[in-house]
Amino acid sequence: MSIECEKIKGINLAQGVCDTEVPEAVRQGAKRAIDGGTNTYTRADGLKAIRDAVAAKMRRFNGIECDPETEVIVSAGSTGSFYAACLALLNPGDEVILFEPFYGYHFNTLIAVEAVPRYVTLQAPDWKFSPADLERAVSPRTKGILINSPANPSGKIFTRQELEWIAAFAQKHDLLVFTDEIYEYFVYEGRHISPATLPGMRERTITISGYSKTFSITGWRIGYSIADRKWSQAMSYFNDLVYVCAPAPLQIGVAQGILELPESFYQQIPKDYIKKRDLLCGALRQAGLTPSVPNGAYYVLADASVLPGSTSKEKSMVLLRETGVASVAGTAFYHGSGGENLLRFCFAKTDEELAEACRRIRTLPEKVGSAVAASHSR
Ligand code: PLP
């Protein structure tokens, strides 16, 4: 879709590129590191500066105590963290429970290590599930469950009660819990709770996050995982094998950002993004693409029933052709036939670009009216 969008010079609300500004402290930290000679391989789990900074942040923000020497593994983005964790902790044939709609890389990473996803389908529009849904998905081969909160693409924030259900379930069936918290600072309703802080969960939980989104550095590839030392050594080994290490000077830039940026920086994120969310949801509503308003992250799933086309791919192509706005077909987030009526839009855009995208989306009713008429006359 991004390629199709580029061809027509459209506005890309398909990818979570996050082209907002990189904080000064982060940029300066990386530049100083390059000039100061931090340009060689680092320890596989990262430089001391970033492991220490992440451990301090985990205590302060997430409420998780971890040893920066042995329990923090810096990787090539949270994508790298998840892949290294899967390589280290899953065997072919192991089942992992995935909530759907899911994030494609979660699904594909499990497939890449020959694990078998089992699905719990969240029910729109509130993306709810029940403890009985979890029990239906488990088998003697289940090794883990994956939580992504705030979630891509639904924007769901798992409530404390839901996390308590998952915690009890994980303990009952002796499961690992993989939790992807990359959107932890993008919370609009409710609050972010790290599953590892629930009683009995610290040891069985692999907490994954990173700075791609928070510092708008998706191309830098800096993420990390926090895991009990029972698991962390094997994770670090696979991280070394696949990536060697995360980019050295960029580790320093991120460490600098974590150390220097004030609390107000993080508080500003939801303030800025809630405006973007509301602008986009308003435009979608006006266009008849009823949005499921997200509580977190920076994506909106919208009901695309009004668009011509028999699949969500066709609908996203109609939208691109008629308005020049790219979205992702909802089927990308489901394993079966789900998502055919959904499109996903990303609002991690500069205010100017998002405003222009919204202006174009609002023109949809007249455009679609004529597109439908044209298809009838063919
Ligand atoms: N996890 C989720 C849920 C995401 O949506 C994304 C990016 O879109 C990532 C991870 C990728 O993060 P990173 O850049 O740290 O690999």
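Helices (H or I, at least four residues) and strands (E, at least two) are taken as DSSP runs and numbered from the N terminus. The structure described here is a predicted model, in which local features need pLDDT of at least 70 and side-chain atom pairs count only at pLDDT 80 or more, while totals for chains, interfaces and linings use all residues. Residues are numbered from 1 along each chain as its sequence is written, and side-chain values use heavy atoms, with hydrogens and water left out.

The ligand is surrounded by 13 residues, of which the closest are Thr79, Asp180, Tyr183, Ser212 and Arg221; a residue is near a molecule or strand if one of its heavy atoms lies within 4 Å of it. Helix α4 (residues 77-89) supplies 3 residues, the largest share of this shell. Sorted by class, the shell around the ligand holds 4 nonpolar, 6 polar and 3 charged residues, where Ala, Val, Leu, Ile, Met, Phe, Trp, Tyr, Cys and Pro count as nonpolar, Asp, Glu, Lys and Arg as charged, and the others, Gly among them, as polar.

A polar side-chain atom of aspartate 180 lies 2.6 Å from a nitrogen atom of the ligand, whereas an N or O atom in the side chain of tyrosine 183 is 2.7 Å from an oxygen atom of the ligand. For tyrosine 299, the distance from a polar side-chain atom to a ligand oxygen atom is 3.5 Å. Taken alone, the ligand exposes 400 Å², and the protein buries 93% of that; accessible areas come from the Shrake-Rupley method with a 1.4 Å probe, and for residues only the protein chains shown count as cover.

Positive phi values occur in residues other than glycine. Tryptophan 127, in the loop between β4 and α6, has a phi of about 60°, and this residue counts as buried because its relative accessibility is 5%; buried means under 20% relative accessible area, exposed over 50%, and partly exposed in between (1.4 Å probe, protein chains only). Aspartate 174, which is found in the loop between α7 and β6 (176-180), has a phi near 55°, but aspartate 174 counts as exposed because its relative accessibility is 58%.

A disulfide is a covalent bond between the sulfur atoms of two cysteines. The structure holds 0 disulfides, a disulfide being counted as a pair of cysteine sulfur atoms within 2.5 Å. The sulfur of cysteine 86 has its closest cysteine sulfur in cysteine 66, at 20 Å, and therefore too far for a bond. Cysteine 66 counts as buried at 9% relative accessibility, and cysteine 86 counts as buried at 0%. Cysteine 86 is touched by threonine 109, which also touches Phe82 and Tyr83, not counting residues up to four places away in sequence; contact means heavy atoms within 4.5 Å. Threonine 109 is found in helix α5 (residues 104-112) and is buried, with 8% relative accessibility.

Glutamate 181 lies in the loop between β6 and β7 (205-210) and is buried, with a relative accessible area of 0%. Its side chain is joined to that of threonine 179 by a polar contact of 2.7 Å. Leaving aside neighbours within four places in sequence, glutamate 181 is in contact with residues including Asn62, Ser149, His192 and Thr207. The C-alpha atoms of glutamate 181 and glycine 210, which are 29 residues apart along the chain, are separated by 8.0 Å.

Technical notes
Polar contact = N/O pair within 3.5 Å; in protein donor to acceptor, adjacent residues only side chain to side chain.
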